[in-house]
Amino acid sequence: MAGHAQGNVLIRVGTFPNITHPQAMVAKANGWFEKAMGPQVKIEWKSFNAGPIAIEALFSGAIDMAYVGPNPTINGYVHSDGEALRVVAGATSGAAALIVRRDAGIEKPEDFHGKRIASPQLGNTQDVALRAWLKAHGMKTIDKGGDVQVIPLANPDQLNLFLKKELDAAWAPEPWATRLIREGNGRLFLDERTLWPSGQFVTTNLVVSTKFLRGHPDLVKNWLRTHVELTDWINGHPAEARKILNNQIQKETGKALPQEVIDEAFSRLQVTYDPFRLALLNAAKSAFEAGFLGSRMPDLSGLYELTLLNQVLAEKGKKAVQ
């Protein structure tokens with residue numbers, strides 16, 4: 001439940017200092033949600049570096065909502081027996097790619113036999129995508145009796161190992177995919193968008209704790225209205241939005257991204273409020289087949305609560321999301 005600060009409602013929101021969380025980063029920089037929600041609502045932003053930690057914070061009641069990736073969302077829903085959270089909107093699509101080291105001798109899928117490939121974290125969104133892609137091309141990881149070594153490794157470490165020639169490839173989110181190309185002697189082997197219908201798949205969702213959603217549907221609806229307006233503004237003012245976002249990344253991490261990195265990374269990213277529900281359900285199937293969701297495919301039918309988003313879209317004369 002939301003806390004109360006000096007008679008005001010307090011909303012605690014988790015997000016990452018990353019280009020795949022643009023609505024949150026732009027809003028933090030210019031107080032967009034604070035202005036829209038009004039003086040009776042206090043917003044407390046909490047920064048995280050990984051989705052599973054943000055979901056744990058949601059579980060424990062430390063935050064009320066979070067911008068987070070699909071696989072931590074699915075895991076949180078499954079581990080709480082469908083009780084803890086609901087997806088109420090999308091935030092971004094795209095922005096992940098398979099990058100190979102230029103001198104690793106990889107030209108076609110079969111060349112990955114015997115190679116070392118990194119993903120950011122065991123069971124995370126890119127890790128699941130990588131394992132599903134290998135399986136689709138008839139390859140197995142070493143733990144499944146095959147000859148491809150998948151190494152879960154933090155993105156900055158991936159770049160270091162590319163430079164040392166100790167990694168052959170990585171399935172990386174932006175801006176790291178671009179950094180591997182520009183700084184790590186990497187080459188784009190596969191843009192993940194090419195694997196999905198219409199080139200769209202979930203990168204970041206807006207997730208709300210079920211308790212908060214039931215207790216404060218009016219606040220969630222106001223938040224969603226602002227989220228949609230922010231999405232439209234970012235898409236209508238891309239250069240200005242990237243500048244604000246990069247300044248906010250610098251404020252939170254101490255380092256801005258080079259302009260050419262942020263521009264290339266954004267070329268593979270779509271800012272959206274559509275959660276691409278069917279894409280997430282497909283990703284869940286891949287996660288289950290990779291052994292991350294238990295012995296039975298979980299029922300995810302209650303994961304989405306899109307009524308409030310569709311009410312906001314109807315108000316604005318926009319098409320409903322499915």
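A residue is called buried here if its relative accessible area is under 20%. By that criterion, 58% of the 322 residues in the protein chain are buried. The model is predicted. Its secondary structure comprises 13 helices and 12 strands.

The overall dimensions were examined next. The radius of gyration of the protein chain is 20 Å. A compact globule of 322 residues would have a value near 20 Å, so the chain agrees with that expectation. Along the principal axes, the C-alpha atoms fill a box of roughly 60 × 45 × 35 Å. The accessible surface amounts to about 13,700 Å². Carbon and sulfur atoms hold 50% of that surface. Contacts were also sorted by sequence separation. Among contacts with a separation of 6 or more, 76% link residues 24 or more positions apart.

Confidence was then considered along the chain. The mean pLDDT of the protein chain is 92. A score of at least 70 is reached by 98% of the residues. Helix 13, residues 307-315, has the highest confidence, at 98. Strand 1, residues 3-5, has the lowest, at a mean of 45. Over residues 1-6, pLDDT stays under 50. The model has 16 contacts beyond four places in sequence for residues 1-6. Where pLDDT is low, predicted coordinates should not be read in detail.

One β-α-β unit was examined. Strand 7 (residues 116-119), helix 5 (residues 125-136) and strand 8 form this unit, which is right-handed. Strand 8 spans residues 149-152. The two strands run parallel and are joined by 4 bridges. Within the pair, Ile117 stands opposite Val150 of strand 8.

The buried residues are Trp176, Ala177, Thr178, Arg179, Leu180 and Ile181. Several elements cover them. Among these are strand 6, strand 9 and strand 10. Helix 6 (155-163) and helix 11 (259-266) also contribute to the cover.

The loop holding Asn185 leads from helix 7 to strand 10 (186-191). Phi of Asn185 is positive, near 60°, although the residue is not glycine. Asn185 has a relative accessible area of 37%, so this residue counts as partly exposed.

A positive phi also occurs at Ala95, again in a residue other than glycine. The value there is near 65°. Ala95 sits in the loop between strand 5 (85-94) and strand 6 (96-101). Its relative accessibility is 0%, and Ala95 is therefore buried.

Key. Residues are numbered from 1 along each chain as its sequence is written. This is a predicted model: local features need pLDDT of at least 70, side-chain atom pairs count only at pLDDT 80 or more; totals for chains, interfaces and linings use all residues. Side-chain values use heavy atoms; hydrogens and water are left out. Two strands pair if DSSP finds at least two bridges between them. A crossover is right-handed if, with the strands pointing away from the viewer, the path from the first strand over the helix to the second runs clockwise. The radius of gyration is taken over C-alpha atoms; the globule rule is 2.2 Å times the number of residues to the power 0.38. Buried means under 20% relative accessible area, exposed over 50%, partly exposed in between (1.4 Å probe, protein chains only). Contact means heavy atoms within 4.5 Å. Accessible areas come from the Shrake-Rupley method with a 1.4 Å probe; for residues, only the protein chains shown count as cover. pLDDT is the predictor's confidence in each residue, from 0 to 100.
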